[in-house]
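Me: I have a structure open and would like to talk through how its parts pack. Could you go through it with me?

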Amino acid sequence: MAQQIYELLQKDHEAVKKALTRLLETSNGAEKTREDLFQKVKQELEVHTKFEEEVFYPTFREDKGDKEAREEVKDALDEHKEAKQMLAKLEKMDKTSDEFIETIRELQQALEHHISDEEDEIFPQARETVDDDAAVEMAERYREMKKRAH
């Protein structure tokens, strides 16, 4: 069977977690490495959150169509907003500062919470309620969106 959206989103989750871990392992003198890793994380998250907000969450909310789905999507959107605010703050920071690393650590914790919510709560419910063909079609749309962004 063709790849569904869940696998692609989970692959992104792993890539972002790895990049954040690598970023936290850098020394204060590794400004270029930090900047490159930060930009990679930022770009991945921008495309990922845009797709989830415009395509995945509305589909899930509509197909599941209950109060629980609405609340889970609302929570996920709030978490996206928090991550975007942290990214904007990080963008302006001195990449060699301790404050930058502390904020990256906060972002990592926030994202790990968000990722576990998605992978443990939303994805299993979506697999039960979203049509398989729709999940495959979303994967194709997501690949296209990522191609255009890179």
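**A buried phenylalanine and its surroundings**

Reply: Phe 123 counts as buried, with a relative accessibility of 1%, and this residue is found in helix H4. Please keep in mind that this is a predicted model.

Me: OK, which residues is Phe 123 in contact with, leaving aside its neighbours within four places in sequence?

Reply: Phe 123 is in contact with Tyr 6, Leu 9, Gln 10, His 13, Phe 56 and Glu 118 once those neighbours are set aside. Tyr 6, for its part, touches Phe 56, Phe 123, Ala 126, Arg 127, Val 130 and Ala 135, not counting residues up to four places away in sequence.

Me: And how many residues does the largest nonpolar core have?

Reply: The largest nonpolar core has 22 residues, and the ones with the most contacts inside it are Ile 5, Tyr 6, Phe 51 and Phe 56. H1, H2, helix H3 (67-92), helix H4 (98-129) and helix H5 (132-149) each supply at least two residues of this core, while the largest share, six residues, comes from H2. Apart from this core lies another one, of 19 residues, among them Ala 19, Leu 23, Phe 38 and Leu 87.

Me: Let's turn to helix pairs. At what angle do H1 and H2 pack?

Reply: Helix H1 (residues 5-24) and helix H2 (residues 31-64) pack at an angle of about 155 degrees, and their axes are 10 Å apart. That angle makes H1 roughly antiparallel to H2, and the crossing of the two helices is left-handed.

Me: What classes do the residues of that contact of H1 with H2 divide into?

Reply: They divide into 14 nonpolar, two polar and six charged residues. On the H1 side the contact includes Ile 5, Tyr 6, Leu 9 and Asp 12, and on the H2 side the residues include Arg 34, Leu 37, Phe 51 and Phe 56.

Me: What about H2 and H5, left-handed or right-handed?

Reply: The crossing of H2 and H5 is right-handed. Their axes come within 10 Å and cross at roughly 150 degrees, which makes H2 roughly antiparallel to H5. By class, the contact of H2 with H5 has eight nonpolar, three polar and five charged residues.

Me: Which residues in H5 meet H2 there?

Reply: Met 138, Arg 141, Tyr 142, Met 145, Lys 146 and Ala 149 in H5 meet residues in H2 that include Glu 44, Val 47, Phe 51 and Phe 56.

Me: Last pair, then: how far apart are the axes of H2 and H3?

Reply: The axes of H2 and H3 are 10 Å apart, and these helices pack at an angle of about 165 degrees, so H2 and H3 are roughly antiparallel to each other. The crossing of H2 and H3 is left-handed. Among the residues making the contact are Phe 38, Leu 45, Glu 52 and Tyr 57 of H2, together with Val 73, Leu 77, His 80 and Leu 87 of H3. The residues of the contact of H2 with H3 divide into ten nonpolar, three polar and nine charged.

Definitions and conventions: Residues numbered from 1 in each chain as written. Predicted model: local features only at pLDDT ≥ 70, side-chain atom pairs only at ≥ 80, totals over all residues. Heavy atoms only, no water. Axes fitted to C-alpha atoms, helices over the stretch in contact; angles between N-to-C directions. Helix = DSSP H or I, 4+ residues; strand = E, 2+ residues; numbered from the N terminus. Parallel < 35°, antiparallel > 145°, perpendicular 65-115°, else oblique. Left-handed = near helix turned anticlockwise from the far one by under 90°. Contact = heavy atoms within 4.5 Å. Nonpolar A, V, L, I, M, F, W, Y, C, P; charged D, E, K, R; others polar. Core = buried A, V, L, I, M, F, W, Y, C linked by side-chain atoms within 4.5 Å. Buried < 20%, exposed > 50% of the residue type's maximum accessible area, 1.4 Å probe, protein only.
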